[in-house]
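Hi everyone, thanks for coming. Let me put the sequence and the structure up on the screen, and then I'll walk you through a few side chains.

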Amino acid sequence: MEIKSIAQTLFRGVGQVMFQRSVLSGILMLAGIFAGSPDRSIVALGAVAALVAASTVALLRGMNGTRDGLQGFNAVLAGCAVFTFLSAGWATWGLVVVAALLTLPLKTLLDKLLSSTNQSSYTLPFIVATWAVLLLAGTGIIHPYVPEAIEQQPELTTVNIIIGWLKGISQVFLIDSWIGAVLILAGLAVSSWRVAILALVGSAAGMILAAIFGCQQAEILGGLWGFSPVLTAIAIGSARLKGHMPSAQLLHYAILALSLTLTVLLQLCLTPLLAAVGLPILTLPFCLATIITKVLHY
């Protein structure tokens, strides 16, 4: 296989995290991951290592959708997650590879289980693989990563609200950076302006709903209630309508609003349950809300 074809496969794997097959989208999103983690670039390197590991195996095995990036996007997220939650070290690099390769059979299995509903597994393989690795590390093999300094409670200013709005997009890749978010948003825009707008709508909806439900201000302004709604907004907002009448458009928008609300409610309910066993919520609310919504309507 030509080097150009391999590079396209890898960049599409990054873009497919947010449903974009465009190579340029993947390049800009990867740039966003690197730009968004200057103090902890190992997160971005972990994403690359996981992507290469999973894509290489998928290519060698001739797995469906590999050249379109469909066998790589879960690994990208797993690579980001492992170094976000665990301290750096050779053993952690090993877990990055394990998590990346684990997403492949998990995707095959979960896609098969969901085939009767005509749904894909979305980022469920990433979630399960990451949880498995974190549970393994929790046995004492590797220590969790603890930030050196904890930032003070951010003030509720217009600037911080805009930054938090953008961070809801970067947090899809577990990146806490508005600069990274701008590059990721650009990656969406070069593929589809409509999708870029949906991402902004999803992040805004997550912030507003989290504020209504009384969630912590620091979490809201950190984008932690925006990333799952971002993915939900893209997945549901991009779905094909049944009919083209104005009433169909209105129904579509209503379903989008309900799915975003369901996403936040699921995060609100499931976060403490998972925290009790030491696991992060990741993108589970997005997966569940999207599957439920599409099964019931689309």
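Predicted model: local features only at pLDDT ≥ 70, side-chain atom pairs only at ≥ 80, totals over all residues.

Residues are numbered from 1 along each chain as its sequence is written, and side-chain values use heavy atoms, with hydrogens and water left out.

For the cut-offs, buried is under 20% relative accessible area, exposed is over 50%, and partly exposed is in between, with a 1.4 Å probe and protein chains only.

Now the rings. Phe, Tyr and Trp rings (for Trp, the six-membered one) pair if their centres lie within 6.5 Å; planes under 30 degrees apart are stacked, over 60 edge-to-face, and the rest tilted. That rule gives four aromatic pairs. One of them is Phe83 with Trp93: the centres are 4.7 Å apart and the planes are at 65 degrees, so we call it edge-to-face. Phe83 comes from helix 4 (residues 73-85) and Trp93 from helix 5 (residues 90-114), so this pair ties together parts 10 residues apart in sequence. Helices here are DSSP runs of H or I, at least four residues, numbered from the N terminus. Phe83 is buried at 0%, whereas Trp93 is partly exposed at 26%.

Next, Tyr122 and Phe286 are also edge-to-face, at 5.5 Å centre to centre and 70 degrees between the planes. Tyr122 lies in the loop between helix 5 and helix 6 (124-141), and Phe286 in helix 13 (residues 284-296), so here the parts tied together are 164 residues apart in sequence. Both rings' residues are buried, and together with Phe19 they form one aromatic cluster.

Last, the lysine. Lys167 lies in helix 7 (residues 158-170) and is buried, with a relative accessible area of 14%. What does Lys167 touch, not counting residues up to four places away in sequence? Its contacts (heavy atoms within 4.5 Å) include Asp176, Trp178 and Leu221.

Methods: Helix = DSSP H or I, 4+ residues; strand = E, 2+ residues; numbered from the N terminus.
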